[in-house]
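Please have the sequence and the three-dimensional model open side by side. The paragraphs below are intended to be read against both.

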Amino acid sequence: MSTTAGAFVAGGIAAVGAVCATHPFETVKIRMQLQGELQTKGHQPHHYRGPFHGVSVIVRNEGLKGIYRGIGCASVYQVLLNGCRLGFYEPMRHGLATLLLRDGSKQNLGINMFCGASSGIIGAAAGSPFFLVKTRLQSFSPFLPVGTQHNYRNAIDGLTQIYRAEGFRGLYRGVGAAMIRTGFGSSVQLPTYFFAKRRLVRHLGMEEGAPLHLASSTVSGFVVCCFMHPPDTIMSRLYNQNGNLYRGVFDCLGKTIRTEGFFAIYKGFLPHLARILPHTILTLSLAEQTNKLVRKIEQKILPASVLGKA
């Protein structure tokens, strides 16, 4: 196993590779979550009707630049989120299993879910300002605007404008929703991945390698999307709001359901699934490979005493 720092680096590299491939669906997901915001049924626009329709509409009107708005912020956020999630999960799990079960190698669903959620919440808090700007960059459209529009030139301009207008606190607007959303996703992502992996090895006789990583990641990605999408919708609206349209997570949830109906919190589910399945597959599969690479580098540059503790 890599050191914690090594696992952080490996997780970050894997996540950046994944986000480059899946970012277009993230842009569509955010715009679908925001279209018709707090408008009653029958009065909501339907500019974006699904993952592939949304991609085609954006590319046709705004070009590739439009579909990849916010990619820089997304990359920084993924390094922080998945670096923390993949870097801290195993040390936390091992430590708690040693403390509570007297055996660090034992697997326990409760401990796994707690460590998955905790490591994800740390990453979400660390990367929240970048996700905030990413959401606002992606929601902006000069052709088919949805939600509140924020015209930032780039990530630095966005961070600067928010800081000047709202101070440091403004950069962490919506962080509570981000922590809930990521806690939901992280509590099931890694435990589901490792659970599926163990079951596939035990019952189907699969061996360590790319097919096993791919199958386990697919199971994990689907479960994550089901758990994470409602708080993800709330987070997108909190991040994108101007002023105090929503007072917090539960105020946003209540207003959304009362005005648009219960299924409004599942707006953009299909593009989210279209993004998160390949994203999870690529992140976890690439993480296995980058972890191996990082271990080889660490074995060459770190003393045996440090590696023995990892």
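The model is predicted, and local features need pLDDT of at least 70, side-chain atom pairs count only at pLDDT 80 or more, and totals for chains, interfaces and linings use all residues. Residues are numbered from 1 along each chain as its sequence is written, and side-chain values use heavy atoms, with hydrogens and water left out. Helices (H or I, at least four residues) and strands (E, at least two) are DSSP runs, numbered from the N terminus.

Within H8, Asp251, Cys252, Thr256 and Glu260 are buried; here buried means under 20% relative accessible area, exposed over 50%, and partly exposed in between (1.4 Å probe, protein chains only). Viewed down the axis of H8, these buried residues fall within an arc of 125 degrees, so they line one face of the helix. The arc is that of the directions from the helix axis to the C-beta atoms. An α-helix has 3.6 residues a turn, so residues three or four places apart point the same way. On the other side of H8, Phe250 and Arg258 are exposed. The cover over the buried residues of H8 includes helix H7 (210–240). After H8 comes Gly261, whose phi is positive, near 95 degrees.

The interior can be described next through its nonpolar cores. A nonpolar core is a set of buried Ala, Val, Leu, Ile, Met, Phe, Trp, Tyr and Cys residues joined through side-chain atoms within 4.5 Å. The largest such core has 21 residues, of which Val133, Ile162, Met235, Leu238 and Tyr239 touch the most other members. Helices H3 (71–101), H4 (109–139), H5 (155–171), H6 (175–204) and H7 each supply at least two residues of this core. The largest share, 5 residues, comes from H4. A second, separate core of 12 residues includes Val28, Ile30, Met32 and Val55.

Two residues show the packing in detail. Not counting residues up to four places away in sequence, Ile162 touches Leu132, Val133, Arg136, Tyr152, Gly167, Gly170 and Leu171, where contact means heavy atoms within 4.5 Å. Gly170 lies in helix H5 and counts as buried at 4% relative accessibility. With neighbours within four places in sequence left aside, Gly170 is in contact with Leu132 and Ile162.

On a 1 Å grid over the protein atoms alone, a cavity is a set of points where a 1.4 Å probe fits but cannot get out, and a pocket is an open set with protein on both sides within 12 Å along at least five of seven lines; lining residues have an atom within 4 Å of a point. Grid points are joined across faces, edges and corners, and a volume is the space filled by probe spheres set on the points. The structure holds 1 cavity of 30 Å³ or more. About 170 Å³ of space lies in the largest cavity. Of the 20 residues lining the largest cavity, Gln78, Leu81, Arg181, Arg275 and His279 are the closest to its centre. H1, H3, H4, H6, H7 and helix H9 (269–301) are the elements that give two or more residues to this lining, and the largest share, 6 residues, comes from H3.

The second largest pocket has a volume of about 290 Å³. It is lined by 14 residues, and the closest to its centre are Arg173, Gly174, Gln241, Asn244 and Arg247. H5 gives the most to this lining, with 3 residues.

Most residues other than glycine have a negative phi.
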